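Good morning, colleagues. Please look at the sequence and the model as they come up.

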Amino acid sequence: MESSTVIMDPMDLKMTELLKEVQLDYSPTVTRFVDETVSAIREAIDKIPEDVKVSADAAPGFIRDIGADKYEFTFKKPTFFEISGSYSTRSIAKPNVNVDLLIRMPKECFHEKDYLNHRYHAKRCLYLCIIKNQLISSSQFRKVEWSTFQNEARKPVLIVYPVQELVELPGFFVRITPTATSLFNVSKLNLSRNNVRALNEEGQYVPRAAPKYNNSILEDMFLEDNSEFVTKTFLGWKELGEALILLKIWARHRSTIYVHDCLNGFLISFIMSYLATESGGNRINRSMKARQIFRVTLDFIAISKLWEKGLLLQPQGRPSMSKEERSQCLQLFPVVLCDSSAHFNLTFRVTRSGFLELRDEAAVTLNCMDKCRDGGFEEVFMTKVDLPAKYDYCIRLNLKGRSEVYASGFCLDDECWRIYEGKVHSLLEQGLNDRAKVIRVTWRSTPPDWTMEEGFSKFDSEPLVVGILVSCSEKSFRVVDVGPHAENKEEVLKFRRFWGEKAELRRFKDGTIAESIVWECEQWERHLIIKRITEFVLTRHLSLSNENMVHFADQLDFSLLHGVRDPISSSGSLLAAYEALAKCLRALDDIPLRVSSVQPLDSAFRFTCVFPPEPHPLANERVVAKKLPKLTSTCIQPLEVMIQLEGSGNWPMDDVAIEKTKSAFLLKIGESLQSKWDMTCIATEDELDVLTSGYAFRLRILHERGLSLLRNQVGNDKMKHVSSMDKELFIHGQHSSMINGLQGRYPTYGPVVRLAKRWVASHLFSAVLAAEAIELLVAYLFLKPLPFNAPSSRLTGFLRFLRLLSDYDWTFSPLVVDINCDMSLKDEKEISENFMLSRKSYEKKAENLEPAMFLATAYDKASEAWTKCSPNTFELKRMMAYARSSAHFLTNLVLHDQINSHRWECLFRTPLNNYNAIILLQRDRLPYPQRLLFPSDMEQGGRCVAQGNASKHFHPYMLPGDMHQSLVEMKNKLMVNFDPVRCFVEDMKREFSDSLKVWYDSLGGDAIGLTWERQCSKKRGREEVEPEEQDPVDMLKDVGKVGKGFVRRVYYLKAPKLRS
């Protein structure tokens, strides 16, 4: 029997699986449950007695706040019930499982002029109040709540939860939305009609056009017709329904477009229905698959020029909209999509900024589908594109109780909250000018626990949120903004009116005299310029205090500072010292082979070191300071530098002899530097430490055999003949060059790496993830940012790093970092083969994957440089869990939490109860005590099994007695690269390698975590006989002895888990 194998496209395969997961099963049980719930609602409403007189008493707060002048009516039962929305089109996308129920309010409840002054909205609300009271009294319903229609306060809807619950429909509810079919003469609601009175500045009522108000009423009048049009289009068209579900998933993952002023499920379905008609050019037809329909819809949203002319659904036999009417509509609304009546614009709520973002998101998604692996499935459907991760800067405004928001009334043509959104957007747009590429202002004003009867007083409880996407780093970090020329009096007046005392007249280098704004700050503070601009503008024009503004820009800077300064500010002197040393090395002429090149390897040179060394007063050629600072460190960090010598055929062939020859060269170089420039040099067998200009440089030589690798691919047979020292130096050199180039392209890269390294160390993963691996992970965010732009702020980049670490599929996907964008198909194939080779053991034993984190680069196609042995599978899972928790916590801090510095600190506080034992170190014996973020204590839980006093043999700072010695004697006490924490960790690994796993912070932490090593191998054979083990308490006491003089206390938290 012949069998044919159909190879499915990975994107189609994943889409099919996704649809299975989110589609609702319209089983008889589900449909019967929905029908019974809707029938129960109808029966309850039918029990409402006729001719009930309805007054403002049913909702006094709402009537007061909406400002309606007439609202009494006699209640009549709804004349029509209909299920609409996603349920009717079979396009519900879980987990949002609900049913829309339309109820038609009878004409008898309204007067022919109730379209004036919010009378209709008042009666609509009171009508729902009567229904709500009836439903509450019924035993069929567990809960009845108020919500709003598309966040419009004047259009409440009812959310009804049945008493019975179905497992297949978690969180199920029915949304009751009233309709007003044929209620008013549509000519009375055209765009230019003045149907709502508005107060002018003198407090008098004046007529003004009310296009949004009129559309709000027209929406209810044509809701049934438009729902029927969508339902008929989708009826029996499986692929169209699937495409709608995919578009909903796509939009929900993009929280900044799935909002009141942009997109919603019904609008998506209407656009798709439009594209399936002759009016929409039949762009969607029944021969298409769901994926094609999805793409066609996004393509139309992203690039169609028809949006500029306005979209109009024109069924045959219906009158078309005149050119004048279309032109007027386009003037009043940034986006126009009119239904078949040609009277109602379905996009009347969509703002210009919302629509621009929608088009941008659609374009980016199409780009993902073209450029990303597997058709961009992960980027399109699985990646969360929310405000904290998308925007470079976020602002939260607390406007609770600010009466100026609704000083002119809650609802005029538009609602006061929407007007305030526009005001904030306009001010920030003017203040930031070309610094900002996108400014997004949204106020989800509907409170979650709204009691409609009380009115709109709680509608300011939710914060207004602003997202700012900067155009480029050069513009966003700009110190001076140039305004209009002095001779342009009118523009100067506007400029000064906006900026006030901040504006000043300046003469520039080219002779221009113009108005300007100067934001003076140091280089390392330039990322705060946008924060300073927005704070100034909002304070000046909206009278907002700093307590009511939370600007997310510098909340994590505390983790990188020494006191009040960022040590990165010393980088200028560091680079100058390096250049001076490099010049001296190249000038040496008394060594057998001259120095041909000098390359800095240390992360401090590429601005990715968390704490780059600052100039040390004793590390100079001649110590001239008469009085040293009070806190003069006894330790100094060395900065690794690689040097290469001229070529020669006289090098020995033996590896050991080569290393000895290198040592001889280093000795000779040290002697020359010391004799010619009086530099202090300290030589060891492998390197030479040179103390000059306040810094310690560690010189190492790359042998010329290693140089040949530069001309050949890394990983070939020649690599086997190169010493491990040269391999290491070559890899470091390649890595350093690439990262240095990346830092030059993206100024934000360095600060993001520093935050990431600080986080990894703070959670005691220093021994797990190499610093270079962190640099590559962050580099990936900048090189492959889709579905985002490359981050331009440290907070955004840090959040994306946490999400990458926690969400990436490390088991089945290699992470390829192509820094120079020059990898060929051959390179990619080689990486893929290396990865598959590393995963051969997965089926046998998933815990034994090596490497668990496969990081491939042009210089390391087999992931051997940084992650070959660490992290292992257990360590990676633990780190992913921590990253997931931190990412969730950081997202909530930006979106919901009030400003509280302690809360932000929690991102770098690690829970010590997650370990089996904890070692607390002597804080005053840490090599750099100023780097300690939070002192660790074990006040709760844990049993102290060992404790000790601080050693008198080591102090991180020069003692008062040392200060009286000569400067030469003090200089001799300087210790290069001495780190007692590292030494202690190495001793523990050597002594207890089979029993304990050590977790520590290499950047200044005073706590070390210990877990029993047996936990790393969870699946032991049942027949295996476990050897007799040392008592845990005795072992921990031995740990205390190993760290005598450095260990403060050892706490025993959890016993090792017994394995059978």
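Predicted model: local features only at pLDDT ≥ 70, side-chain atom pairs only at ≥ 80, totals over all residues.

Is His-118 buried or exposed? The relative accessibility of His-118 is 1%, and because burial is set at under 20%, His-118 counts as buried. Setting aside neighbours within four places in sequence, the residues in contact with His-118 are Ile-66, Ala-68, Arg-154, Val-196, Tyr-213, Cys-411 and Leu-412.

Thr-748 is placed in the loop between helix H22, residues 724-745, and helix H23, residues 749-762. With a relative accessible area of 5%, Thr-748 is buried.

Let me turn to helix packing. Two packed helices are described by the angle between their axes and by the distance between those axes. For helix H17, residues 489-499, and helix H18, residues 529-542, the angle is about 90 degrees and the axes are 9 Å apart. An angle of 65 to 115 degrees counts as roughly perpendicular, and H17 and H18 are therefore roughly perpendicular to each other.

Which residues of H17 and H18 meet? From H17 come Arg-496, Arg-497, Phe-498 and Trp-499, and from H18 come Ile-533, Phe-536, Val-537, Arg-540 and His-541. Sorted by class, this contact of H17 with H18 holds five nonpolar, one polar and three charged residues.

Rolling a probe the size of a water molecule over the atoms shows where empty space is left. How many cavities of 30 Å³ or more does a search of the whole structure find? The search finds five, and the largest cavity holds about 80 Å³ of space.

The lining of that largest cavity consists of Pro-388, Tyr-391, Asp-392, Cys-394, Phe-552, Leu-795, Thr-796, Leu-799, Leu-890 and Val-894. Helix H25, residues 794-807, and helix H27, residues 873-895, each supply at least two residues of this lining. H25 gives the most, with three residues. By class, the lining of the largest cavity divides into eight nonpolar residues, one polar and one charged.

Thank you for your attention.

Note on methods:
Residues numbered from 1 in each chain as written. Heavy atoms only, no water. 1 Å grid on protein atoms, 1.4 Å probe; cavity = no way out; pocket = protein on both sides within 12 Å on 5 of 7 lines; lining within 4 Å. Points joined across faces, edges and corners; volume = space filled by probe spheres on them. Helix = DSSP H or I, 4+ residues; strand = E, 2+ residues; numbered from the N terminus. Nonpolar A, V, L, I, M, F, W, Y, C, P; charged D, E, K, R; others polar. Axes fitted to C-alpha atoms, helices over the stretch in contact; angles between N-to-C directions. Parallel < 35°, antiparallel > 145°, perpendicular 65-115°, else oblique. Contact = heavy atoms within 4.5 Å. Buried < 20%, exposed > 50% of the residue type's maximum accessible area, 1.4 Å probe, protein only.
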